[in-house]
Amino acid sequence: MKLVAKRLDVVEPSPTLAITAKANQLKASGLDVVGFGAGEPDFDTPNHIKEAAKQAMDQGKTKYTPVSGTVNLRDAIIQKFKNDNGLVYERNQIIVGTGGKQVLYNFFMATLNPGDEVIIPAPYWVSYADIVRLAEGIPVIVPTDIASGFKITAEQLEKAITPKTKVFIFNSPSNPTGAAYTRKDVEKLVSVLEPKDIITLSDDIYEKIIYDGLEFVNPAMISGKMKEKTFVVNGVSKAYSMTGWRIGYAAGNAEIIKNMDTMQGQSTSNASSISQAAAEAALLGDQKPVEEMRLAFDKRRKLIVSLLNEIPGVECRMPEGAFYAFPYITGVYDFDGFKKLVLEKKEKSLSKLFCDVLLDKYNVAAVPGVAFGDDKAIRLSYALGEKDIEKGISRIKQMISDLKG
Ligand SMILES: Cc1ncc(COP(=O)(O)O)c(C=O)c1O
């Protein structure tokens, strides 16, 4: 008897979670591991948010809530969209789930039919393609590169659209590249999307982590017509350092929301009532901690990019947002020491080979670019202190120098 369902044949375990787990295991065994792997801020959740959770417990807010989220949290989300994005939604256009990931999963399960195509610009967040495949859709990957600032052009988008295209995924600032689209960039994409019968899924999870005064813009913010066709996903994980609380949310078409509610009602029901109270405090409360974290990330961003660009064979673009550096290491692939490794290890993915050696021999965790659809790069999360960044990058430098011979 085959124990495992066929539907699992199309998905892979999340490589970022796997690398983080391996790095933690090495750390637990006593090794001094520098972790550039995790996709989460290293700061503690701000105090007033934790206090709101304690209060919720004391007040007995420990029961089931409506599947889509408490009225209070949904109203706080409506307020957030109005204040930050100038977008007006009704309560029946909002859903709260157990993390942005679950919201995305439910969105695709509720909208895709077998064979529907989903356009995903690469490099992309690891879970998009797997979730689309689980929902029996077909990921259509459109590559971008360092020369285009890791941004898809209107021409590329137009070319990728077929009669089967159902969804276009827009993620700015992006995981893994940190690239963020300007208003002009978004307008160009909207000129392609607006006349078409396509849903734009805007994943705004890194909205608050954007640098150099760049304005955050998503496609729904460009026109009323585009707002109708856009489904916005966001959450508190990254902005408020609340990854463990598991609260994500979405806003958009009421019929899609209703069907996502049905999906969620038959799987997990509501997100944790206590986390929902905390998320409400995050969205409505003092936003100063968000700015403090953003400023700390900005300093680290400049540090890590300048250190990376000092290493021979490495080229790193300055990201406009999020907390990831995505350096190309193609220069290193040409070094004799690396070529020897390739022959020895018989690993097809060069970025995976690089990251395996980096973790095993130099005790630095990074995620291979191949996991994001680009084998030329690795992803380094700079959600760690400056001393650790310096230590980790100097080990990478050492590895590359050893490979260069
Ligand atoms: C681009 C992107 N979207 C969504 C998520 C989901 O985050 P969460 O489920 O913690 O809300 C992540 C997390 O890594 C992400 O990087």
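Predicted model: local features only at pLDDT ≥ 70, side-chain atom pairs only at ≥ 80, totals over all residues.
Local features need pLDDT of at least 70 and side-chain atom pairs pLDDT 80 or more, while totals for chains, interfaces and linings use all residues. Residues are numbered from 1 along each chain as its sequence is written, and side-chain values use heavy atoms, leaving out hydrogens and water.

**View 1. The largest cavity is lined by 18 residues.** A cavity here is a set of points on a 1 Å grid over the protein atoms alone where a 1.4 Å probe fits but cannot get out, and lining residues have an atom within 4 Å of a point. The structure holds two cavities of 30 Å³ or more, and the largest has a volume of about 150 Å³; volume means the space filled by probe spheres set on the points, which are joined across faces, edges and corners. Look for P121, P123, N171, S174 and Y181, the lining residues nearest the centre of the largest cavity. Strands β3 (117-122) and β5 (165-171) are the elements that give two or more residues to this lining, and β5 gives the most, with four. Strands (E, at least two residues) and helices (H or I, at least four) are DSSP runs, numbered from the N terminus. The lining has 13 nonpolar, five polar and no charged residues. Here Ala, Val, Leu, Ile, Met, Phe, Trp, Tyr, Cys and Pro count as nonpolar, Asp, Glu, Lys and Arg as charged, and the others, Gly among them, as polar.

**View 2. The second largest cavity holds about 60 Å³ of space.** Its lining includes K80, D204, E207 and Y249. Five nonpolar, two polar and four charged residues make up the lining of this second largest cavity.

**View 3. Three strands form an open antiparallel sheet in the order β9-β12-β11.** Each of β9 (324-325) and β11 (367-368) has a single partner strand, so one side of each is left without a neighbour in the sheet. Two strands count as paired if DSSP finds at least two bridges between them; β9 and β12 (residues 378-381) are paired over two bridges.

**View 4. Helices α4 (residues 99-111) and α5 (residues 126-134) pack at an angle of about 35 degrees, with their axes 9 Å apart.** Axes are lines fitted to C-alpha atoms over the stretch in contact, and angles run from 0 to 180 degrees between N-to-C directions. Contact (heavy atoms within 4.5 Å) involves residues including L104 and F108 of α4 and I131 and V132 of α5. The contact residues divide into eight nonpolar, one polar and one charged.

How values were computed
1 Å grid on protein atoms, 1.4 Å probe; cavity = no way out; pocket = protein on both sides within 12 Å on 5 of 7 lines; lining within 4 Å.
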